[in-house]
Amino acid sequence: MVNIKIDYEKSGIDKKQIMEYKEKVENIHKDLHRRADDIDDFVGWLKLPENYDKEEFDRIKKSAIKIQKSSDILLVIGIGGSYLGARAVIEAMSSNFSSLQSEKQRKAPQILYVGNNLSPNYINDLIEVLSDKDFSINVISKSGTTTEPAIAFRIFREILENKYGIDEARSRIYVTTDKKRGALKTLSDNEGYEKFVIPDNVGGRFSVLTAVGLLPIAVAGIDIDKLMQGARLAQDKYNDPNIKYNDCYQYAVLRNVLYNENKTMEIFANYEPKMHYFTEWLKQLFGESEGKESKGIFPVGVDLTTDLHSMGQYIQEGIRNMFETVLYYRTTNSNITINADDDNLDGLNYLTGKDLDYVNKKAMEGTIQAHVTGGVPNIEISIEKLDEENIGALIYFFELACGMSGSVLGVNPFNQPGVEEYKKNMFKLLEKPGY
Ligand code: PA5
């Protein structure tokens, strides 16, 4: 069952304050929907759950089976929006210890990520791990020119070719890139690699429900039909222009109301280690979409209860410029009961018969109370359980919230001009021709 619930009673913001944005939200809603069909705009994600390339979707599933049969490992080469969404879904849906599971236990190849940093140690460690493994590559870059994945692809393509020969290596390379442009597209055309397209009107951080996310997710053995089904349900549910009936828009506006009250930092808190990369995806989605023109909420993430013993002190008593958005599932997929101990030397017998999900939820309730008392407004967003449909719905929910929130803030949520600055300096220092 898909049912995202939002509770902002502890945000200190009255629903009436949110409803004051009714007209503004309706106008932005109309504008986004008008632009969603424009192939030259970046709002294609809005209708993606129903409006996607079905032929390509089938090809993704077929390629995933081929990779599963031929490979122990799939290398996902990409950075930012070209890998975070896939990783968020794969980690949320896999064992916390998938890297230690046998392939039989995992029922799918292991997915490893590269091209998201420039560390020689990282690359060399990976080369060592791959030496006695069968692997395939999915290189993902919309622009096709991003330095980090381009370097990684050059290195691992060579290793693949040396290992299998040019022809077999070719059949183990899957390229996800722009339909018409970019160095990766040219290379892929020349070499005849299997190619998937990132639609023109879908930007990197909004692309998880395209081949960008779907191919690695399918290779990991996750049901992409159900993922899309969840997103589709969310698309229907949050299609109402009236903020009164649209929780997603209420959350988007609430963020802005809090921001206008100098709450300039949003802490995304989860109580499930598997959600770590979902939080990373959220940080990128909101950070890159809203942080511009000297405006924007700074998104941070904490994994709780782990980080209560590191960041907890600051959240409780540091600068009061933050609010907290807690993400959790209402029903756990697995549980464990705490048994009695005759000696009770650890003093834990008061928990006898209680399960760990219960303890985790009480820790969450206690933490929310403490943070609210400490001056940190709280928003709770929960899903029924961690499964493909709920994750698909949550992805759509946050993409829409981000599109609405950035528009209410008055920035263009779909570009990222600031990212170019470091590249210019780096290229100059590297003496790249033309810089
Ligand atoms: O959201 C975005 O647009 C960015 O984070 C990109 O995904 C990231 O910079 C990678 O770009 P590309 O896919 O062109 O290599």
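In this predicted model, helix H6 (residues 120–130) and helix H7 (residues 147–171) have axes that come within 12 Å and cross at roughly 20°. Helices here are DSSP runs of H or I with at least four residues, strands are runs of E with at least two, and both are numbered from the N terminus. Axes are lines fitted to C-alpha atoms, for helices over the stretch in contact, and angles run from 0 to 180 degrees between N-to-C directions. H6 and H7 are therefore roughly parallel to each other, given that angles under 35 degrees count as roughly parallel, over 145 as roughly antiparallel, 65 to 115 as roughly perpendicular and the rest as oblique. The crossing of H6 past H7 is right-handed; the near helix is then turned clockwise from the far one by less than a right angle, and anticlockwise if the crossing is left-handed.

Helix H4 (residues 84–93) packs with helix H12 (residues 276–290) at an angle of about 155°, their axes being 7 Å apart. H4 and H12 are therefore roughly antiparallel to each other, and H4 passes H12 in a left-handed crossing. For helix H10 (residues 224–237) and helix H15 (residues 388–409), the packing angle is about 45° and the axes are 6 Å apart. H10 and H15 are therefore oblique to each other, with H10 passing H15 in a right-handed crossing.

Turning to the backbone, most residues other than glycine have a negative phi, and most peptide bonds are trans. Glu 293, in the loop between H12 and S8, has a positive phi of about 55° although it is not a glycine. The peptide bond from Leu 304 to Thr 305 is cis, with omega near 10°. Thr 305 is found in the loop between strand S8 (298–303) and helix H13 (312–317).

A polar side-chain atom of Ser 82 lies 2.6 Å from a ligand oxygen atom. Taken alone the ligand exposes 380 Å², and the protein buries 88% of that (Shrake-Rupley method, 1.4 Å probe).

Residues are numbered from 1 along each chain as its sequence is written, and side-chain values use heavy atoms, leaving out hydrogens and water. Because the model is predicted, local features need pLDDT of at least 70 and side-chain atom pairs count only at pLDDT 80 or more, whereas totals for chains, interfaces and linings use all residues.

Note on methods
Polar contact = N/O pair within 3.5 Å; in protein donor to acceptor, adjacent residues only side chain to side chain.
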